[in-house]
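Please keep the sequence and the model at hand while reading.

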Amino acid sequence: KDMSLGYSPREYMEASLDFLKSYAENFKPGANSFFFTGATGLGKTHLSLAVMNKVTEKGFNVFYGSADNIIKQMEKERFGRSNGDIEEEIENADLLIIDDLGTEFKTAFSETAVYQIINNAILNGKPMIISSNLSISELEKRYGQRVVSRLNSFKVINFIVTDIKQKKNDNRLI
């Protein structure tokens, strides 16, 4: 057990997994939003996709994309280099999942787009799952207080376990 937490990282992650299973099974529009944070390889994307699969099985529309791909597509559409309407796709989704926030190339456009996506979803009561390798304080340094203040209503799940991929690789060496 981690004495500062009062429980082991495994107990914490098992409780988080159980909670998110229930969330996905009982999903409805207007549900809670989540911010997954932690180092690379801890299962943030895997868990996001598992929630997405369950929610889509229930007939809901989910928009999933990496922050980098979403921003690139928005930029292409905005400047006439691509057809489509990613913003409409996001707006029409019952659940919005943004993976790897903070990995996109930082520009004035990307900073504004991130704010607009998150702010519009909150204003429309759209539940979100956002994952990042960055902590809340690191996000604030990157995007500023405006973006971080929007995340205050999110339930934060800290992925505090060892890198699963690295552990598997380490076990192969033995």
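## Aromatic cluster

Phe-19, Tyr-23, Phe-27, Phe-34, Phe-36, Phe-60 and Phe-159 form one aromatic cluster in this predicted model, and the structure holds seven aromatic pairs. Rings of Phe, Tyr and Trp (its six-membered ring) pair if their centres lie within 6.5 Å, and planes under 30 degrees apart count as stacked, over 60 as edge-to-face and the rest as tilted.

Tyr-23 and Phe-34 make an edge-to-face pair, at 4.8 Å centre to centre with 85° between the planes; this pair links distant parts of the chain, 11 residues apart, with Tyr-23 in helix 1 and Phe-34 in strand 1 (residues 34–38). Phe-36 is buried at 0% relative accessibility, and Phe-159 is buried at 6%.

## Basis of the values

Residues are numbered from 1 along each chain as its sequence is written, and side-chain values use heavy atoms, with hydrogens and water left out. As this is a predicted model, local features need pLDDT of at least 70 and side-chain atom pairs count only at pLDDT 80 or more, while totals for chains, interfaces and linings use all residues. Helices (H or I, at least four residues) and strands (E, at least two) are DSSP runs, numbered from the N terminus.

## Packing of helices 1 and 2

Helix 1 (residues 9–25) packs on helix 2 (residues 44–57) at an angle of about 25°, with the axes 8 Å apart. Axes are lines fitted to C-alpha atoms, for helices over the stretch in contact, and angles run from 0 to 180 degrees between N-to-C directions.

On the helix 1 side, Leu-17, Leu-20, Tyr-23, Ala-24 and Glu-25 meet Leu-47, Val-51, Lys-54 and Val-55 of helix 2, where contact means heavy atoms within 4.5 Å.

## Backbone at Asp-100

Asp-100 has a positive phi of about 60° although it is not a glycine. Asp-100 sits in the loop between strand 3 (95–99) and helix 5 (108–123), and is partly exposed at 24% relative accessibility.

Definitions and conventions:
Buried means under 20% relative accessible area, exposed over 50%, partly exposed in between (1.4 Å probe, protein chains only).
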